[in-house]
Amino acid sequence: MATSRLFSRGTWPEARRIADVLRAETVGGVLLLAAAVLALVWANSPWSDAYHELSKIRIGPHGWHLDLTLAQWAADGLLAVFFFVAGLELKREFVAGDLRDPRRAALPVAAAVGGMAVPALIFAAVASRTGGALAGWAIPTATDIAFALAVLSVISTHLPSSLRTFLLTLAVVDDLLAIAIIAVFYTSALHLIPLLLALVPIALFGVLVQRRVRSWWLLLPLAVVAWGLVHASGIHATVAGVLLAFTVPVRDRDGTGHGPAELFEHRWRPISAGVAVPVFAFFAAGVSVADAGGIGSALTNTVTLAVVAGLVLGKVAGITGSTWLVQRFTRARLDDGLSWWDVTGLGLLGGVGFTVSLLIGELAFGAGTERDGYAKIGVLAGSLVAALLAMVVLRLRNRHYRRLCEQEEVDSDRDGIPDVYQRDPA
């Protein structure tokens, strides 16, 4: 019986699709970084009051309890688009992608679970002696794929396509597990009537998309009503985005993978990566270092240290450790040309948390509170350290890769597959 390979190449159509997704997310990552830097500079400038006043501007119908601040609209409304796209991506991966094979799906799912469990345990160990700090245990569990891919674009690494696909899938599974954590552990009050009523527009939305109805003037109002009812139920409104995504069929009527999910993802991913996530980052990342007692006090706070330890140490230990366990118990081995340095670099990139980590920090400690400020500083500092370490490891890996390329000529026409796929389709 042939030995199975971890991180082996998938099918060419799947790799080409993943490459398109990675390009969009990389551009989104650059916008995300720009928005976060702008927020940090503004919040720590002499004009910081204007930034906070902008965040607190309220718009929306008061009678429907939707008179939210701009910061709340960004977190509750725009991020629903982000999770809608993540839900579409996850469903496509498991229905029509390479991960419909349970053997290929086992690795990213195991790595995502390990990459969430270990950071949570490390956070709890560091923060256990500080009363109330344990509420933020889930902050370092999330991976921001846009931020991580922006780091990869800076490195210009020749990371194999299989590892890039793994990183994307891990982050998507990570996001879905994070939204489950938000729904279960960060719902303070549950109102059953709005929640049950939300099932009606979600079901109608599902019926229409199953019948291949694509008229936005029918689907968008149903999605907005579902979002509003989920918001009224007390569950974080972003859950509505995931539920709606799961109703969208992946395959078309002829049995191909080019169904409504691909169309919706193509239309909404640019809005998610280019608008929703950067705007949320702008309103969420603006923490004042002076209000936190100065950089020294902020970096030594228990919450900050717990978040940094979870992201920097927990993520790489969880992802790499889970990958090793899968190899150990399935007797698989890394694909040719890969080493555990590649997996370690990938695990460090998993520690680049941002969007969902900032969201969980606000839910855990309350937006604008002192501990929320420390959590934000921890997310920013931990993500920066993880990114720098990943750059070092992957640059070392790059040098090794170049030496191999110099020693062995790559056949660009092998098996009729373009060389860009064999080495790096992204």
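Visitor: Which side chains meet in a salt bridge at 3.6 Å, N to O?
Guide: In this predicted model, the side chains of Asp372 and Lys376 meet in that salt bridge, the term being used for a side-chain nitrogen of Lys or Arg within 4 Å of a carboxyl oxygen of Asp or Glu. Local features need pLDDT of at least 70 and side-chain atom pairs count only at pLDDT 80 or more, while totals for chains, interfaces and linings use all residues. Residues are numbered from 1 along each chain as its sequence is written, and side-chain values use heavy atoms, with hydrogens and water left out.

Visitor: Where do Asp372 and Lys376 sit relative to one another in helix H15?
Guide: They are four residues apart in helix H15, and therefore separated by about one helical turn; helices (H or I, at least four residues) and strands (E, at least two) are DSSP runs, numbered from the N terminus.

Visitor: Is Lys376 buried or exposed?
Guide: Lys376 counts as buried because its relative accessibility is 9%, and Asp372 counts as buried at 1%. Here buried means under 20% relative accessible area, exposed means over 50%, and partly exposed is in between, with a 1.4 Å probe and protein chains only.

Visitor: How many salt bridges does the count come to?
Guide: The count comes to six salt bridges. One of them joins the side chains of Arg269 and Glu89 at 3.2 Å, N to O, and this pair links distant parts of the chain, with Arg269 in helix H10 and Glu89 in helix H3, 180 residues apart.

Visitor: Which residues are linked with Arg269 in a network?
Guide: Glu89, Arg92 and Glu265 are linked with Arg269 in a network of salt bridges.

Visitor: What does Asp174 form a salt bridge with?
Guide: Its partner is Lys315, with the closest N and O atoms 2.7 Å apart. Asp174 lies in helix H6 (residues 161–185) and Lys315 in helix H12 (residues 302–330), so the pair ties together parts that are 141 residues apart in sequence. Both Asp174 and Lys315 are buried.

Visitor: Switching to pockets, what volume does the largest pocket have?
Guide: The largest pocket has a volume of about 1000 Å³, taken as the space filled by probe spheres set on grid points that are joined across faces, edges and corners. A pocket is an open set of points on a 1 Å grid over the protein atoms alone, where a 1.4 Å probe fits, with protein on both sides within 12 Å along at least five of seven lines, and lining residues have an atom within 4 Å of a point.

Visitor: Which residues lie nearest its centre?
Guide: Of the 39 residues that line the largest pocket, Glu362, Gly366, Ala367, Gly368 and Asp372 lie nearest its centre. Several elements give two or more residues to this lining, among them helix H2 (48–55), strand E3 (68–69) and helix H14 (355–365), while H15 gives the most, with five residues.

Visitor: And H10, which proline lies there?
Guide: Pro278 lies in helix H10, and Pro278 is buried, with a relative accessible area of 8%. Between Pro278 and Ala36 the C-alpha to C-alpha distance is 7.6 Å, although they are 242 residues apart in sequence.
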